Amino acid sequence: MTLALTAPERSHHLEREPGQRVGWTEWGAPDGVPVLFCTGAATSSSLGFGAEAVRELGVRLLCVDRAGLGLSQPDPLKDFSRWTADVAAVLEATGLSRPAVVGFSQGAPFAVALAGAGQVSALALVAGQDELAHPATRALLPAQVAGMVAAIESDREGFEAGFAARADADGMWALVDGMSGPEDRALYREPAFASAYRQALREGFAQGASGYARDLTLAMGRWPVPPEAITVPVRLWYGGRDTSPVHSPDGGALLATRFPRAVRHFLPDEGGSLLWTRARDILRDLLAAAT
């Protein structure tokens, strides 16, 4: 197991345009091999993963906050293209070119957007949310999740407003805990992990719930670039004991056929928390794919 949670070693921000601050955090050596990290739902960039593996493998892990979460200011116009522009500004500011990227849970579509924009060299989706609005995937969804997809398609602005009015950090924590199986719940409730996770949620909601509400509707719609058009190597990581209904409904099996250069790792005894329990394996595999 590779848990090793530590606070960010560095934090930065830039003004991409007037009134539009973009912030990010970093772990690992400043001259390490760059890897971007797209966080899960509603969490800020303070929640990293695999600190020991980051050091051992010589990685520089960068986590950019999506607009309205953590260190990044809200953006009422946020969409996938503005997200990729935010990341492009960070890469320019840091002098980095085409790092690899890890997308966890709801961060998966945002990582795919970066790959579609040609900004990364390899992509790993870990317990990733699938393209839930894709017809073949949609047919596999639980009724409640399929209903959310349909509601967003019908009235995105209304769905966002209603969701933002009732969402908060404590409610999100309760939702994640309730959707998790025994393996994941045991990890998430471990005191040090729970403290870090809940702090990241508080930071994610500190500017209100609209940033997360927009992330949710973007992530549950059609992806900006279909998997079939992604040309970089892709690594899919799913656990057989992941009980989240908003991750891939078939453990990435269909998704693996859609990405032209995908390798699927399915671990039957792991849950959705394998980002933390398998961090070393995930990073080592991603770095090899990027070379």
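Q: Where is Ser-72?
A: This is a predicted model, by the way. Ser-72 is in the loop between β4 (59–64) and α2 (80–94).

Q: Okay, and is Ser-72 buried or exposed?
A: Ser-72 is buried, because its relative accessibility is 1% and buried means under 20%.

Q: Which residues is Ser-72 in contact with, if I skip its neighbours within four places in sequence?
A: Arg-21, Val-22, Gly-23, Asp-65, Arg-66, Ala-67 and Gln-207.

Q: Switching topic: what volume does the largest pocket have?
A: About 600 Å³. It is lined by 33 residues, and those closest to its centre are Met-172, Leu-175, Met-179, Tyr-212 and Val-246.

Q: Which element gives the most to that lining?
A: That's α7, with five residues. The elements giving two or more residues include α7 (169–179), α9 (191–205) and α10 (210–219).

Q: And how do the lining residues of the largest pocket divide into nonpolar, polar and charged?
A: You get 18 nonpolar, 11 polar and four charged.

Q: How much space lies in the second largest pocket?
A: About 160 Å³. Of its 13 lining residues, Asp-242, Ser-244, Ser-248, Pro-249 and Gly-251 are the closest to the centre. The lining has five nonpolar, six polar and two charged residues.

Q: Back to Ser-72: how many Å apart are Ser-72 and Pro-249 in space?
A: They are 31 Å apart, C-alpha to C-alpha, and 177 residues apart in sequence.

How values were computed: Residues are numbered from 1 along each chain as its sequence is written. This is a predicted model: local features need pLDDT of at least 70, side-chain atom pairs count only at pLDDT 80 or more; totals for chains, interfaces and linings use all residues. Side-chain values use heavy atoms; hydrogens and water are left out. Helices (H or I, at least four residues) and strands (E, at least two) are DSSP runs, numbered from the N terminus. Buried means under 20% relative accessible area, exposed over 50%, partly exposed in between (1.4 Å probe, protein chains only). Contact means heavy atoms within 4.5 Å. On a 1 Å grid over the protein atoms alone, a cavity is a set of points where a 1.4 Å probe fits but cannot get out, and a pocket is an open set with protein on both sides within 12 Å along at least five of seven lines; lining residues have an atom within 4 Å of a point. Grid points are joined across faces, edges and corners, and a volume is the space filled by probe spheres set on the points. Ala, Val, Leu, Ile, Met, Phe, Trp, Tyr, Cys and Pro count as nonpolar, Asp, Glu, Lys and Arg as charged, and the others, Gly among them, as polar.
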